[in-house]
Each structure stands twice: as C-alpha cells, then as structure tokens.
Amino acid sequence: MADLRTAGPAEGAAPVTRRREDRFSRVLIITGATILALVAVAAVGAPLFSSWGATEIDPAATLAAPGGDHLLGTDGNGMDIWSRVLYAARLDLGIAVAAVALAVLVGTLLGLVAGYRGGWLDDVLMRVVDIFQAFPTFILALAVAALLGNGTVNLIITIAAVNAPAYARLVRAEVRTQRELPFVDAAVTSGASTAGILWRHLLPNSLTPVRVIAPLNCGWAMLTLAGLSFLGLGVSIPEAEWGAMISLGAADVVGGRWWTSVPPGLALFVSVLGFSLLGEGLQERANAKRR
C-alpha cells in the first residue's frame, strides 16, 4: 500500500505538468499571433490610419514635435513619423517573411537531397553549408548586401542566403533519421520514385522543426534588415523602413528630438517580440509533445 500511495502523485504529476506546458505555449502563441496581427492590420490599413503619405513632405513642419497635424511629429525632411512607421511595416514585414520563405524553400530542398542521397553529394553540399556558417550571420549579411547592392529583391536574397544553410542542415538531420524507418523501406519496395518518397513521405515528416524555427527567424530577419538599412546597405531614405528611420533620427535624439527615432525603434521591437513569442510558443508545444 505504501508503494501505491507513493507512486500515485508521481504518476499524476506528468499530466498536470503537460497541461501547464500546453497552457503556457498557448498563451505565447496567442500573444505573439495577436501582436503580429495588429502590426499587419496597421501595415495594410496605413492609408486609413494616416492622412499623410510615407514620403509626403510638410515644408512648414520640419522636426515638428508630436501633436497637431502630426501625431508623432516630423523628421528633418518634414515627413510625418506616424505615417512612415505605418508604411514601413509593409516593407519590413514583407521582406522578412519573403526572405525566410525563400530560405526555407532553398534550405529544405538542399537538406532533402543531401540527407536522402548521402555520399559525395551530401559531403559537397554540407561543406558549402559549413563555409556559409563559418561566418557570423550579420557579417555575412553585410558582405552579401555589399556585393549585391540595395533593392528589395537583393535584400530578400541577402537575408535568405544567410538563413538557408541552417534549414538545410536541420532538414538533412531529420531526413537522415526518417529514411531509416520502415515506412521508407515500404515505399521503396512498392516501387515509389525518389521524388515521390521525398515529397510524400520524407518532407512532411521533416518539417516540424522548420515550422518552429521559421517565426523566430522572421524576427531575426527584421533585425538584419534594420541593421543593414541603419548602416546604409539596406533600404535608403526617403523610402520608409524602420532601420533607415532610426539611422536618420539618431543624431536628433541628442538634441532632445526623440520622436524621430524612438517610434520606429518601438515598432521594430514590438514586431520582433511578436515573432519571438510565436516561435517560443511553437517550440514549447513541440517539446511538450516529444515528452
């Protein structure tokens, strides 16, 4: 009887812990998704939420303080900060999501082929991945951006190029594990083609970690874009982008004109926080399922 009484709480503790982890992950996911939804609504509805255009200049209100016709004031060029913060969300979110999607696509294809084929092809692809991952990611992004130049498409390619190797290695590891399982042998025995095995069997079973990491990488992609623009290698003024706005208004903060750089910095912080919470929630949920 003593053994049964001792074992009871231990056996019941696991479901309680699992339910707590599920609730915690759900809170993180809902909070992150809500933040991102609000940012997306602000970006899409920018013309509705502001009467000024992203590059429209008010000559009579250069460096005007918040209030009046300009909710968050104006910058040194006389452009409305509130409007530019809203319109910049379109560019920052669009580039980040597109870059991560491209990185996932390229990295997944490389990881599938390398993990399933193995041999010399695996060795060659992984050595190329090792070369990319040997450099700090932002330093590599600086080098690629300097090589390709400015422009939305080039920025997407730059950010995707520094993210794709991580996805390739992650998917390769999953595929190498999955290809040894009986269901792959059954597919080969039934006469399925290599493309069919990769597409129908290995790919769906190898994407779980990718789904978890992708939201986190979207936040990192936004920081990379902002960093490149801050250094003059990303989006250029007068186009609205949070990093470029922070760079343009950095000198004004010393003079007490905080509104030229603090609002875009807060917008960047909130957006990255949303992606981080969403990614952490998905990771917590995946870990709970594995346990």
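**Exercise 1.** Find which helix gives the largest share of the nonpolar patch.

Solution. The model is predicted, local features need pLDDT of at least 70, side-chain atom pairs count only at pLDDT 80 or more, and totals for chains, interfaces and linings use all residues. Residues are numbered from 1 along each chain as its sequence is written, and side-chain values use heavy atoms, without hydrogens and water.

- Step 1: The patch covers about 790 Å² and includes Leu 102, Leu 147, Leu 148 and Ile 157.
- Step 2: Two or more residues each come from α3 (81-117), α5 (137-148) and α6 (152-178).
- Step 3: Helix α3 gives the largest share, five residues.

**Exercise 2.** Classify Leu 148 as buried, partly exposed or exposed.

Solution. Buried means under 20% relative accessible area, exposed over 50%, partly exposed in between (1.4 Å probe, protein chains only). Leu 148 lies in α5. Its relative accessible area is 36%, so Leu 148 is partly exposed.

**Exercise 3.** Check the span of helix α9 and locate its kink.

Solution. 

- Step 1: The expected span is 1.5 Å times one less than the number of residues.

**Exercise 4.** State the accessibility of Trp 258 and of Trp 259.

Solution. Trp 258 has 41% relative accessible area and is therefore partly exposed. Trp 259, at 8%, counts as buried.

Key:
Helices (H or I, at least four residues) and strands (E, at least two) are DSSP runs, numbered from the N terminus. The bend at a residue is the angle between axes fitted to the seven residues ending there and the seven starting there. Patches are made of residues with over 30% relative accessible area and no salt bridge: like charges are joined within 9 Å, nonpolar side chains (Val, Leu, Ile, Met, Phe, Trp, Tyr) within 5 Å. Accessible areas come from the Shrake-Rupley method with a 1.4 Å probe; for residues, only the protein chains shown count as cover. A salt bridge is a side-chain nitrogen of Lys or Arg within 4 Å of a carboxyl oxygen of Asp or Glu.
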